[in-house]
Amino acid sequence: PLMRELRLVTEEAPAAAAAAAAAAASSRLVTASSFGGKPPVFSLLRRKEGVTVLPPFSMTQIPLSFNPDVIEERRCHVEVRGTQGPLHLTWIYPIRGVAEAPQSGKGFKFVARAKESSRGEIELPLLGLANLDGEEPFRVSVEFPEDDGGKAAKQRAVARASVALTPVVDTIADAGEPLVWAYDFAPAKPFATGAEVVVTRARGGGRWRFPLRLEAQEPLPDDEIPIEGRPDRTSTVRFPLHAPGRDYAPFEAYFTSDSADSFTVQPEAGVLPPLPSGGGGGGSPGSATESGEVF
């Protein structure tokens with residue numbers, strides 16, 4: 001069996017280390033904020049004091065609470081000390097606690113048609129911000145919920161590539177002053193999804209989240225392609241296509257569900273070359289049942 005005792009030591013106040021050594025013999029809870037009348041930021045939630053005996057090949061859980069009083073990052077480490085016969089063993093587990101502000105009622109919604117863009121600015125008030133040390137910088141990012149792969153993962157990838165944030169005011173000295181960031185929402189295809197604008201304090205930690213809704217609407221038609229054909233005969237029309245950027249881009253071609261069944265498209269998938277090397281070709285053969293069909 002292994003004889004085990006626990007100790008929790010914070011890293012913010014080195015003076016607490018001396019007090020922790022004095023308290024270690026009785027295995028009492030020790031935190032830096034315990035010495036000065038303030039409630040502890042970190043606490044070991046133990047059911048009983050003293051030494052615990054662990055049987056061979058067994059596991060144990062160490063419950064720990066984190067109760068920050070300000071929106072900032074705090075650190076500590078848990079020491080597990082044990083004796084096994086004549087051996088004195090010590091395990092040290094570093095703990096990083098990041099305080100996160102409650103989600104505010106302020107949210108944002110970016111809307112644009114596919115293949116177009118929407119631009120603007122957003123203000124991010126930091127509720128609960130304290131202990132500013134002069135001018136402090138902040139980081140902002142867009143985070144999407146985790147998914148289980150498949151079609152949802154592809155949609156998340158499209159959404160990530162469609163939105164960009166650029167700092168306008170990313171350094172503040174007054175806690176009541178909001179951050180300001182410019183956004184550029186340029187979706188390549190239609191989709192709708194939720195996300196979060198996440199603000200992280202660069203010095204001292206802390207995090208704020210704002211709900212974000214992204215809606216990419218159906219694009220306007222790029223062109224009208226007329227095709228004429230005689231009944232019960234197949235007619236074909238070809239038109240050039242190229243990638244929107246400077247790189248080769250995969251594509252899928254299909255008719256929408258409200259299109260006539262007499263139309264088909266070839267090829268249904270492939271890779272579009274960029275300009276000016278030339279465009280890819282797409283054909284649309286079909287058996288015409290009406291004259292002057294437009295798609």
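A search of the whole structure, a predicted model, turns up 7 aromatic pairs, where rings of Phe, Tyr and Trp (its six-membered ring) pair if their centres lie within 6.5 Å, with planes under 30 degrees apart counting as stacked, over 60 as edge-to-face and the rest as tilted. Take F138 and W208: their ring centres sit 6.2 Å apart with the planes at 70°, so this pair is edge-to-face. F138 belongs to strand β9 (residues 136-143) and W208 to strand β14 (residues 207-217), so the pair ties together parts 70 residues apart in sequence. F138 and W208 are both buried, that is, under 20% relative accessible area, against over 50% for exposed and in between for partly exposed (1.4 Å probe, protein chains only).

The rings of F255 and F263 have centres 5.7 Å apart and planes at 35°, so that pair is tilted. F255, at 24% relative accessibility, counts as partly exposed, while F263, at 12%, counts as buried. Ring pairs also link F110, Y183, F185 and F191 into a cluster.

Now for the strands, which are DSSP runs of E, at least two residues, numbered from the N terminus. Two of them pair if DSSP finds at least two bridges between them. An open sheet of 3 strands runs in the order β8-β12-β10, with antiparallel pairing. β8 (118-124) and β10 (163-169) each have a single partner strand, so one side of each is left without a neighbour in the sheet. β8 and β12 (residues 179-185) pair in the antiparallel sense over 7 bridges; E123 has V180 in β12 as its bridge partner.

Residues are numbered from 1 along each chain as its sequence is written, and side-chain values use heavy atoms, leaving out hydrogens and water. As the model is predicted, local features need pLDDT of at least 70 and side-chain atom pairs count only at pLDDT 80 or more, whereas totals for chains, interfaces and linings use all residues.

Notes:
Helices (H or I, at least four residues) and strands (E, at least two) are DSSP runs, numbered from the N terminus.
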